[in-house]
Each structure stands twice: as C-alpha cells, then as structure tokens.
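Please keep the sequence and the structure in view while reading.

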Amino acid sequence: MIRVILAEDQAMVRGALASLLGLEPDIEVVGEAATGEEAVAVAVAARPDIALLDIEMPVLDGIAAAGRIRAETPGCRVMILTTFGRPGYLRRAMEAGASAFLVKDSPAKELAAAIRRVLRGERVIDPGLAAAALSAGPNPLSGRERDVLRAASDGSTIMDISRRLHLSEGTVRNYLSAAIQKTHARNRIEAVQRAEAQGWL
C-alpha cells in the first residue's frame, strides 16, 4: 500500500480527496492535517510515502511545510496540489523539494496515477504550469525584498515594517524601491499585487 497524508485547510475538500484516494486499491490515507504545521507533525508521526499538500494553509503554508517535511522525514516525497497555478509557486515548491505540482481541477484518476509515478521517483508537473513558469523566468526579488513586501502587504508604515523586521527605515525604503522597480510597479501596493499574482511572495 502507498501510505499518503493529506494537508488541506478546507475540511470538505480534504474529506473528498481522502474518499477519492480511498477508492484506489493500492493507496491508503494514513493521516490528515488542516495547517502546514499539523502536516509536518502528522508526517513525522505517520512516516508516509507521500505527503499531499495544499499551498494556501494557515500557520505554515504548503511550500514551507514541504521543506520541513523533506528535512524531517527524508523518505517521504512531497506533492503540491493547489488551486493557485502560479509560476512562482512552482519554482518555490521545486526548490523546497516537492516532487509534483498539480492543480486541483485535475481528474481524480490523474492524481492517483501521479502518486504512483512520484513513488517510482518521477517528477510530475502540470504541463500548462510548467510552460508558464518557463516563460515567466525566475523570481527577481531577493529574500529581503520579499520579506519587506510581505510586511507592506497589510498597509503597514515604513516605521512599522522597520520595527517588525529589525531594519532601519532607510533600508526598508531601499528594499521597497528595489521591489517596485523589479516588479515594474508604480507603488508598493501594486508591487505587492504583482508579486502575489506571480507567486513570488
């Protein structure tokens, strides 16, 4: 049996996925989680073959959880299943050690087939998303520029951001200015919107 855990914050979606996978003769769902943090704990406890993770989850997102699961349970392969087919998400997921990246509107049979392929050591990536990621190019933002843009996303002032990130106000302004230029935005609100749309944050 292929032992799988599911991490998805929407209980109805998680239940539907568990039911669909449970119909497969060679797949067993051995754990479920509603947050990325729970997913890491469930993976460590259950030692599954595959961790199937959503990206948009509270506490810890799926990409961060993927990195933690790969580090703490090296025998477990990670698959990302998401509504958000953003090129930047795909790159970040691969960097975190994910073996697959699929969008949720794929048929259930394709998901089961992808699980089997990943277990054989293959990488499985949604073809449309792979093409979009190649054409979009790499994330132009540095780690610190991403941190500052994330902190600016709730409308925080320069002073608030500088206190939260332990940076000087001048440094925060410099990072914001660089991020605005790199995203070809007119201001920081637009820079946040463009970076989020690409999956860079």
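## Strand β5 and its partners

Strand β4 (residues 77–82) and β5 run parallel and are joined by four bridges, where helices (H or I, at least four residues) and strands (E, at least two) are DSSP runs numbered from the N terminus. In this pairing, which requires that DSSP finds at least two bridges between two strands, leucine 81 stands opposite leucine 102 of β5. β5 also pairs in the parallel sense with strand β6 (residues 124–125), over two bridges, and here phenylalanine 101 stands opposite isoleucine 125.

The model is predicted, so local features need pLDDT of at least 70 and side-chain atom pairs count only at pLDDT 80 or more, whereas totals for chains, interfaces and linings use all residues. Residues are numbered from 1 along each chain as its sequence is written, and side-chain values use heavy atoms, with hydrogens and water left out.

In a regular strand the side chains alternate between the two faces of the sheet. Both faces of β5 (residues 100–103) are covered, with Ala100 and Leu102 buried on one side and Phe101 and Val103 buried on the other; buried means under 20% relative accessible area, exposed over 50%, and partly exposed in between (1.4 Å probe, protein chains only).

## Helix α5

The buried residues of α5 are Leu111, Ala112, Ala114, Ile115 and Val118. Seen down the helix axis, the buried residues of α5 fall within an arc of 160°, so they line one face, the arc being that of the directions from the axis to the C-beta atoms. After α5 comes glycine 121, whose phi is positive, near 100°.

## Aspartate 54

UniProt, in an unreviewed entry, lists Asp54 for "modified residue: 4-aspartylphosphate"; its positions are given in the numbering used here, feature names are shortened, and annotations may be inferred rather than shown by experiment. Aspartate 54 is found in the loop between β3 (50–53) and α3 (62–72) and is buried, with a relative accessible area of 4%. Leaving aside neighbours within four places in sequence, aspartate 54 is in contact (heavy atoms within 4.5 Å) with Ala7, Glu8, Asp9, Gly62, Leu81, Thr82 and Lys104.

## Isoleucine 5

Isoleucine 5 lies in strand β1 (residues 2–7) and is buried, with a relative accessible area of 1%.
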